[in-house]
Amino acid sequence: MTIKNQGSAKSTISKLKIFYKKNKYNLATAKGINPGKSITLKVKFLKKIS
């Protein structure tokens, strides 16, 4: 997932909820981003093996 700061000030640390089913989600943390820059987050989704 790529996040871009489109503002004119540096962003702070953000916590994101990424939903992958109706009531299932994964949390991801993004560090501060300078104006006009972007970062790419790697989000791992685990599979249950039964």
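The structure is a predicted model, in which local features need pLDDT of at least 70 and side-chain atom pairs count only at pLDDT 80 or more, while totals for chains, interfaces and linings use all residues. Residues are numbered from 1 along each chain as its sequence is written, and side-chain values use heavy atoms, with hydrogens and water left out.

**Strands β2 and β3**
- Strand β2 (residues 14–19) runs antiparallel to β3 and is joined to it by six bridges; strands here are DSSP runs (E, at least two residues), numbered from the N terminus, and two strands pair if DSSP finds at least two bridges between them.
- The two strands form a hairpin with five residues between them, and Ser14 has Ala30 as its bridge partner in β3.

**Thr40**
- Thr40 lies in strand β4 (residues 38–40) and is exposed, with a relative accessible area of 59%, where exposed means over 50%, buried under 20% and partly exposed in between (1.4 Å probe, protein chains only).
- Leaving aside neighbours within four places in sequence, Thr40 is in contact with Met1 and Thr2, contact meaning heavy atoms within 4.5 Å.
- Thr40 and Lys22 are 18 residues apart in sequence, and their C-alpha atoms are 25 Å apart in space.

**Phe45**
- Phe45 sits in the segment after β4 and counts as partly exposed, at 42% relative accessibility.
- Not counting residues up to four places away in sequence, Phe45 touches Ile18, Tyr20 and Asn26.
- Phe45 and Asn26 are 19 residues apart in sequence and 7.4 Å apart in space, C-alpha to C-alpha.

How values were computed: Helix = DSSP H or I, 4+ residues; strand = E, 2+ residues; numbered from the N terminus.
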